[in-house]
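Hi everyone, thanks for making time.

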Amino acid sequence: MKISIEWLQEYVEIRESPEKLKEDLSMIGLLVESMTKVHGTHVLEIEVTSNRPDCLSHIGMAREIAALYSRPLKWPTVQAKLSIPSDRIPYAIEIRDEELCPRYVGLVMDGIKVGTSPDWMQRRLESAGMRPLNNVVDITNYVLLEMGHPLHAFDYDVLRKGKIVVARARQGERFQTLDGMERELDGEMLMINDGEGPVAIAGVMGGMNSEISLSTTRVLIESAYFGPASIRRTSKKLGLSTEASYRFERGADWDNTVPAIARTCSLIEQLAGGKIAGSLQDIYPRKKDPVRITLRQANTKALLGADLTSEFIESTLRRLNFDLAPEGEKAWLVTCPTYRADMELEADLIEELARFYGYGNIPATLPPSKTIGIHSPVYRLENSIREIISSQGYNEAINLSFANEMDHLEFPPLQGERAAVRNPLTEDTQYMRTSLAAGLVRSAKRNFNYGQRLVRLFELGKVYHLGSDGVPFERNVLGILGTGGFTDQNWKNPSASFDFFHLKGVLSKLLQGVRVPSFEIEPAGKIPWLNPAESAVLKIGKETAGVLGSLSASLEEKYKLKQPAYLAEIDFACIEKFAFAPPSYDPLPKYPSAERDISIVVSRDLAFQTIHKGILQLGICELVRLQLIDVYEGEKIPEGKVSLTLRLTFQDREKTLTVDRVQDFIDTILSFIHKTYGVGLRSI
Amino acid sequence: MSESIDNLRRLFEEDLAAIDGMESWKAVRDKYLARESGVITTELKKLRDLPKEARPAFGQAMNQLRALVEKKLQERLDEAKAAEASTKLQRIDVTRPGFPFALGSIHPIKRLQSEIEQIFVSMGFQIFNLPEIERDYYNFEGLNMPRNHPARDAQDTFYFDDSVLLRTHCSSVQVHAMEELKPPIRAISTGKVYRRDPFDATHSPMFYQVDVIVIEEGITMGDLKGMLDVFLKRMFHSDIRMRLRPGFFPFVEPGAEVDISCIFCSGKGCPTCKQSGWVEILGAGMVHPKVLRMSGIDDSRYSGFAWGMGIDRVAILKHGVDDIRLFFENDLRFLRQF
């Protein structure tokens with residue numbers, strides 16, 4: 001709301017500098033966002049919150065200032081006599097929907113000369129951000145900005161039946177508003193009709209058909225009160241917000257209807273030569289009572305924690321035009337001004353008192369703690385994961401949770417249907433993401449563009465799907481991306497290129513770090529965005545917890561990465577289910593262990609895991625550790641074969657192992673490998 | 001007698017000083033210590049010629065001399081060996097970079113988020129982990145923002161259907177906490193929230209918030225101020241000052257906007273605070289009686305307060321970040337700074 005200080009001074013004396021006024025208004029909840037100079041006067045742009053429609057005018061603001069500085073409020077002069085002995089122009093007002101329109105006040109004037117309004121009025125309209133049109137329209141706008149009540153002037157001669165009918169629209173009816181737009185109406189919208197058809201959308205905008213023109217000489221002035229919810233619904237539905245609808249939907253003052261029309265009438269007489277031709281008609285079928293609230297002094301203390309005296313309470317509320325009547329000991333029945341649409345409960349009155357007492361004067365206290373702090377278990381795990389993975393060189397990423405069509409084509413969801421946003425902002429917010437992979441690949445690409453080709457990112461965030469009931473749901477996912485190197489290259493580490501086993505290594509460390517007791521990584525079937533030769537699934541317990549592998553060749557090509565990128569996407573709930581297994585103590589062995597390395601030549605197609613499990617199933621309980629320490633393929637090995645070097649560690653808890661026993665174990669293992677896989681020892 | 005021993009010692013010192021290499025060392029050793037012909041042995045043989053009473057003193061002095069000679073020669077040998085070894089050693093260049101063990105980073109917003117959680121847990125709050133996809137009731141209706149409430153305009157919302165939406169704030173924790181817990185209640189929730197804002201330097205359709213609720217007997221606005229003060233001081237700096245201005249949020253009454261003294265100019269006035277010395281940091285207030293009643297809390301017995309704060313906003317202020325998009329673009333040059 002733009003408030004001109006020059007205009008304001010017509011209603012209240014202001015001795016303060018604009019800077020001081022700005023500061024003082026902010027401290028009673030009227031935030032001055034900016035201050036400019038228009039036509040030589042300071043104009044304050046005030047952020048009026050939606051609960052204070054009474055401040056959307058110069059008089060409204062003057063009331064606050066008068067209360068703030070304890071100064072009198074000066075009212076503009078108005079035409080006192082709004083009826084004439086016998087109407088030259090008879091007219092009728094009929095309200096068919098009392099709920100949506102509890103009060104409608106009308107007046108007809110003739111002898112009007114439409115022209116330009118005087119300079120002073122044009123300047124004031126402009127300083128408040130309104131464009132002058134002609135004297136009649138300008139006067140209704142002027143009164144709106146002065147008194148806060150929306151008015152409308154109809155060209156009386158185009159009202160076909162010479163009457164006003166307030167009723168809901170016919171479903172699907174079409175109507176052209178003043179801005180020239182053709183609008184489709186529905187049966188919930190309140191309209192102003194002339195007995196033949198609509199001439200205005202009540203409280204929102206007038207019709208093209210009844211617009212004031214240069215040839216207009218007779219006008220019907222409307223000053224009505226329309227229900228907030230209905231006006232807001234209509235305005236939203238039509239996508240049409242006006243100065244009038246903005247005020248009605250926040251709550252206008254039904255008792256301001258007559259003063260506003262009187263002021264309009266005076267100004268038209270003065271500035272457009274009009275005379276009353278049809279007396280004031282005040283159709284008020286549903287009388288609205290002012291709001292009455294009981295206020296107890298004890299409750300002000302209970303809510304604010306400050307001691308307000310009864311003198312302070314009474315004088316503050318009276319200054320704000322509330323009416324107080326004692327109601328027992330230290331309590332009042334407070335009657336609220338009809339313009340205070342925000343008054344409903346005692347707390348609302350207490351806020352008024354606090355505003356003028358000053359929030360800064362309320363003493364700060366610390367309530368004693370009666371509860372204990374409880375962390376979210378999910379956040380605890382998330383934070384552990386974050387610490388572990390970032391300490392392995394990964395930077396935490398956050399991508400927007402949205403996805404566009406392309407994301408889903410390139411990274412189709414691995415499970416479930418995608419969820420569509422009903423009212424997206426752009427095509428990039430059309431859907432919710434179903435995977436973290438797309439965002440991570442884009443982030444990597446963005447870094448490549450800046451010349452960063454070594455990128456390691458992780459993201460802990462939600463992905464979204466449609467549930468079986470069609471309602472979207474979310475689940476937590478951990479995404480990892482690595483490309484270009486597992487650590488920086490330097491003289492101690494000349495080659496650091498990233499491959500599948502770096503990704504697997506990080507994932508394994510992470511799962512160990514959060515004490516997931518066991519997990520396996522197995523070859524995967526087809527995963528749309530992963531390279532089929534380098535893709536795997538993570539299994540925790542019997543559950544598939546996620547996928548990992550290198551980005552498919554086609555996406556690598558499409559994003560012009562020019563280097564392989566490795567991705568993992570793990571379901572957080574699966575980790576959560578198994579994480580933080582309580583540690584159990586195993587007594588330390590008293591006898592030394594023995595280590596032996598063996599190299600075996602096996603078919604390339606034989607999975608290491610198969611050999612590993614086979615050896616474990618031999619049941620040698622002294623075998624406490626099996627490491628794959630070397631893999632060799634090349635000249636000395638037949639085509640299609642691979643040499644694996646295993647390091648076996650044996651340990652007997654009861655006694656020292658003898659050389660012979662260790663050799664027995666090795667022989668058992670080698671003969672098993674030979675028999676089962678048809679291969680033998682290469683060399684020891 | 002002692003004169004001749006002193007003389008011998010002097011001679012030895014001279015010979016010791018003249019040693020140059022292993023050969024001359026051996027020569028000196030043999031000269032003094034050789035079993036048969038060494039100077040000390042030869043001198044000791046003179047013992048017989050001495051009067052009986054002078055013998056013990058002489059013997060003792062000679063033994064001391066022998067010990068001294070042995071000690072000095074050993075020291076000389078050790079020095080020589082150490083010197084020789086050090087000429088063979090090659091000094092490493094300790095100024096070269098160490099092995100590039102990798103170190104990543106935690107996102108600045110996430111770091112702040114866990115800092116905030118820590119502060120609240122220490123003050124007796126329970127952390128609620130709540131959904132981003134929320135029912136209209138928890139985001140709006142239960143917070144005294146029925147359909148067609150103008151305050152909804154300030155929170156332009158992404159919808160999936162008429163009643164399911166992306167939460168626009170973490171204030172849903174108010175309704176969830178009051179439904180799940182019995183007073184005394186202290187709860188917070190942090191996380192992503194969404195509004196239909198374009199993605200530019202000062203707006204993002206997704207950002208982070210923390211919302212706080214306390215419901216106990218006898219809670220006042222003074223308590224709100226006290227706890228806000230503790231929180232803001234721990235979050236920013238112990239010198240930070242705050243002020244409350246009346247503000248409007250449908251779920252609180254009275255409502256407040258909370259400013260802190262500008263952390264860039266300590267309240268003197270700078271471009272960040274538009275010369276006012278204050279920056280807006282959060283919204284707060286006493287929980288609206290209607291909100292209490294809707295969630296089944298007896299508003300004649302309990303009162304409470306709530307506040308909500310943008311975590312991104314704190315990050316922007318604390319780190320001086322000038323473009324909110326940087327938080328969600330994952331540029332390593334940005335992320336590595338945290």
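I'll go through overall shape, then surface and charge, then the cysteines.

Some housekeeping: this is a predicted model, where local features need pLDDT of at least 70, side-chain atom pairs count only at pLDDT 80 or more, and totals for chains, interfaces and linings use all residues. Residues are numbered from 1 along each chain as its sequence is written, chains are lettered from A and ligands numbered from 1 in the order written, and side-chain values use heavy atoms, leaving out hydrogens and water.

Chain A has 19 helices and 29 strands, counted as DSSP runs (H or I, at least four residues, for helices; E, at least two, for strands). Its radius of gyration is 40 Å, well over the 26 Å that the globule rule gives for 684 residues, so chain A is more spread out than a compact globule. That radius is taken over C-alpha atoms, and the rule is 2.2 Å times the number of residues to the power 0.38. Along the principal axes, the C-alpha atoms fill a box of roughly 130 × 60 × 50 Å.

Still, 54% of the 684 residues count as buried (under 20% relative accessible area, 1.4 Å probe, protein chains only).

On charge, chain A carries 81 positive and 90 negative side chains, with Lys and Arg positive, Asp and Glu negative, and His and chain ends not counted.

How many disulfides are there over all chains? The count is 0, a disulfide being a pair of cysteine sulfur atoms within 2.5 Å. Take A:Cys336: the closest cysteine sulfur, in A:Cys55, is 15 Å away, too far for a bond. A:Cys336 is buried, at 4% relative accessible area, and A:Cys574 is buried at 3%.

Methods. Buried means under 20% relative accessible area, exposed over 50%, partly exposed in between (1.4 Å probe, protein chains only). The place of a charge is taken as NZ of Lys, CZ of Arg, CG of Asp or CD of Glu.
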